[in-house]
Amino acid sequence: MHRIVLSLFLFLTIGNPLFAQKKLSLADFNQNYTFQEKTVQGLHSSANGLYYTTLEDGKRIVKYSYKDGKKVETVFDLDQLENAAISHFSAYSFSDDETKILLTTEREQIYRHTFSANYYVWNSVTEELAPLSEKGKQQEATFSPNGERVAFVRDNNIFIKTLRFGTENQVTNDGQKNAIINGVPDWVYEEEFAFSKAFAWSPDSKFLAYIRFDETDVKEYSMKMFQGKSPSLKENASYPGEYTYKYPKAGEQNSLISVFSYDLKSKTKIEVDLGEETDIYVPRLKWTADANDLAVFRLNRRQNKIDVLFANPHTGDSRLFFTEKNDRYIGEDFLDDFIFLPDNDYFVVNSERDGFSHLYLYDRQGFEVRQLTQGEYDVTDFYGFDSKKKIFYYQAAKKSPMQREVYYVSLDKKKQGTLSPKEGTNKAVFSSGFQYFINEYTSLDTPKTFSLYDNKGSLVRVLEDNKALNEKLSEYTISSKSFFNFETSEGVSLNGWMIKPLNFDESKQYPVVMTQYSGPNSQQVLDRWSVSWYNYLAQEGFLVVCVDPRGTGARGQDFRKVTYMQLGKYESDDQVEAARYLTTLPYVDKNNISIWGWSYGGFMTLLSMEKGGDLFKAGVAIAPVANFKFYDTVYTERFMRTPLENPDGYEDNAPLNHPEGITGRLLLIHGSADDNVHLQNTMEMAEALVQANVQFDMAIYTNRNHGIYGGNTRMHLYQRVTDFLKNQLQ
């Protein structure tokens with residue numbers, strides 16, 4: 001009931017022209033970022049769990065008390081240093097004893113997760129600020145647990161800096177571009193296993209374990225780089241440049257993987273025994289709490305079996321400790337939610353073995369003790385274990401797949417409950433020791449708020465309520481978002497949201513823009529706040545609709561994995577069903593329905609238009625996949641196996657093979673330097689459309705990657721899409 005009242009209040013205050021005069025513009029979302037929410041940046045918990053620090057203005061690290069939320073001191077302030085070598089920093093990390101700080105400056109993005117930077121070390125005892133290295137930018141600089149050293153990667157090799165003496169020790173020497181990588185992942189590992197650091201210090205600081213990637217036999221992909229915004233080309237260059245990197249497409253050769261343990265005392269490298277099979281992945285390295293064993297995660301190529309090996313860091317000998325299997329595939333959540341508890345007596349895994357993602361407790365011999373969470377809902381994040389109170393904390397979608405709550409359960413399961421006071425989307429960041437947590441909360445009606453709670457769920461202080469943003473919103477006329485649900489002809493219940501046009505009149509009919517992403521385990525229909533380009537479209541007279549199809553998240557394994565071996569089939573079926581459902585609504589102009597999407601959403605736009613025919617008057621596919629044989633090994637084979645194993649799954653659901661089904665007007669958009677979904681997809685799709693005599697529009701953005709941004713690019717793109725939709729539907 002409170003949601004209805006609040007929604008009515010918001011409509012009266014921000015959705016009623018009597019109270020608001022300003023109108024939204026494209027520049028609000030692509031240049032001025034008018035409605036950007038404030039967040040708490042650079043949040044770190046102190047080792048004792050009593051304080052937290054934040055990054056403020058890119059210059060200061062400020063300490064606050066968890067107990068009352070009040071400022072304690074400024075830990076570091078660039079403005080207080082004389083002749084500081086840097087003017088700002090974008091991130092920081094403490095040594096375990098918190099006497100030293102690593103500062104990240106001059107960050108230069110490589111791919112989605114990886115970047116190089118110039119790191120600086122602040123020593124609070126000597127009050128000295130010094131560069132970590134002056135021999136070139138570094139990657140993934142990380143303190144050893146004892147704070148005496150920093151490991152980092154430069155030019156595909158690992159180095160260790162001894163801070164006391166200022167000396168650099170080169171651990172590896174064989175690093176070479178497009179051949180050998182040490183300590184950071186290759187492109188496909190970074191993109192699909194979502195990590196950027198491929199080394200790990202042992203808890204006693206005596207060993208550094210790392211992964212070596214031999215990508216010599218991985219096939220290369222090259223992209224032309226033109227003079228526009230390309231620092232690698234000389235001014236007025238007559239010929240374009242070229243960027244070449246290793247990219248394994250579905251069914252092709254991956255990097256050969258090896259794991260090493262480096263003994264700092266003897267300065268020797270010991271190779272870990274990974275077994276006889278070489279066509280494998282090693283997506284994580286972790287140490288046990290006692291530092292006796294290195295846990296190596298060995299994943300098979302099909303990604304339906306993962307072995308955890310315990311390796312002896314002195315000898316490299318390994319033994320099988322734990323195995324997880326799945327009849328389809330094992331998701332990424334398993335990797336990060338596999339945690340050794342501090343007392344070293346137990347470990348926790350997040351498994352889908354009962355049909356939903358749940359936490360299971362095991363002893364150190366590898367025997368299951370008990371299932372910690374149970375029910376027809378998914379655990380969506382595991383926060384950790386309070387070793388004093390014997391309590392586990394986690395995030396789950398118990399109340400609704402569209403919401404998230406923070407929960408706890410005791411080791412013996414006798415105590416359990418929720419720490420989320422409000423319905424919506426809750427995300428927690430716990431202090432060291434789990435005495436407190438900072439909760440990030442949002443809902444359809446509420447921009448993000450950051451609040452400090454104790455571990456009993458009692459509010460200590462609101463850290464950020466986005467009051468200024470709420471005041472700004474009151475100046476505008478904005479349509480609100482609402483949820484809906486419908487059942488398909490196959491009896492599948494699907495969730496969606498819609499934004500109705502301003503001054504909505506149910507007796508009138510409105511053109512529709514359907515938006516979606518639809519990728520495996522993704523979700524767009526969530527109880528969270530946003531004011532975006534979609535609100536601008538509603539202001540311009542469009543009904544904007546989003547539906548999460550089968551294959552998306554938080555509804556159990558069978559709903560999530562029904563797309564296995566046939567990506568695109570059920571998702572596009574459901575988008576077509578959604579369009580048909582919309583035609584039954586009296587306020588929908590059934591002759592003017594469009595669909596659009598980016599990346600997987602672009603793939604879905606193409607397939608839906610091919611299947612839906614006259615249902616879709618227009619569509620926009622940005623950076624789409626035209627056939628998954630063009631995409632990378634890890635992602636594609638996780639859901640599809642290889643093209644050799646599953647030829648029909650690839651070809652039957654490839655938009656490239658069914659262009660004649662498109663009857664509405666299509667706009668294709670791609671960045672010419674997209675390292676993720678290659679321009680190849682759009683160029684091949686364009687040729688297929690030409691040969692099928694299907695007219696279409698196309699826009700290519702020079703030197704832009706998968707995100708298609710930089711300079712005026714986003715403004716140009718959204719103006720192009722908006723004009724296209726208006727021309728086709730209005």
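Predicted model: local features only at pLDDT ≥ 70, side-chain atom pairs only at ≥ 80, totals over all residues.
Phe 297, Phe 310, Phe 321, Phe 322, Phe 334, Phe 338, Phe 340, Phe 347 and Tyr 362 form one aromatic cluster.

**Aromatic pairs**

Across the structure there are 63 aromatic pairs. A pair of aromatic rings is described by the distance of the centres and the angle of the planes. Two of the pairs are set out below.

| Pair | Centre to centre | Angle between planes | Arrangement |
|---|---|---|---|
| Phe 484 and Tyr 581 | 5.9 Å | 10° | stacked |
| Phe 603 and Phe 628 | 5.0 Å | 85° | edge-to-face |

Phe 484 belongs to strand 36 (residues 481–487) and Tyr 581 to helix 8 (residues 569–583), so this pair ties together parts that are 97 residues apart in sequence. Phe 484 has a relative accessibility of 13% and therefore counts as buried, for which the value must be under 20%. Tyr 581, with a relative accessible area of 24%, is partly exposed.

In the other pair, Phe 603 lies in helix 9 (residues 600–612), whereas Phe 628 lies in the loop between strand 41 (618–622) and helix 10 (633–640); the pair therefore ties together parts that are 25 residues apart in sequence. Phe 603 is buried at 1% relative accessibility, and Phe 628 is buried with a relative accessible area of 4%.

**Charges over rings**

Aromatic rings also meet charged side chains. Arg 107 lies over the face of Phe 115, at 3.7 Å from the ring centre. Likewise, the charged end of Arg 555 is placed over the ring of Phe 559, 4.0 Å from its centre.

**Strands 20 and 21**

Strands of a sheet pair through backbone hydrogen bonds, either parallel or antiparallel. Strand 20 and strand 21 (residues 294–300) are paired in the antiparallel sense, over six bridges. Within this pairing, Leu 285 has Val 296 of strand 21 as its bridge partner. The hairpin of the two strands has six residues between them, and Ala 291 there takes a positive phi near 65°. Eight of the eight residues of strand 20 (residues 280–287) are buried, so this strand is largely enclosed by the rest of the structure.

Strand 32 pairs with strand 33 (residues 436–443) in the antiparallel sense over six bridges. Lys 427 stands opposite Glu 440 in strand 33.

How values were computed. Residues numbered from 1 in each chain as written. Heavy atoms only, no water. Buried < 20%, exposed > 50% of the residue type's maximum accessible area, 1.4 Å probe, protein only. Helix = DSSP H or I, 4+ residues; strand = E, 2+ residues; numbered from the N terminus. Pairing = 2+ DSSP bridges. Phe/Tyr/Trp six-rings, centres within 6.5 Å; stacked < 30°, edge-to-face > 60°. Lys NZ or Arg CZ within 6 Å of the ring centre and 35° of its normal.
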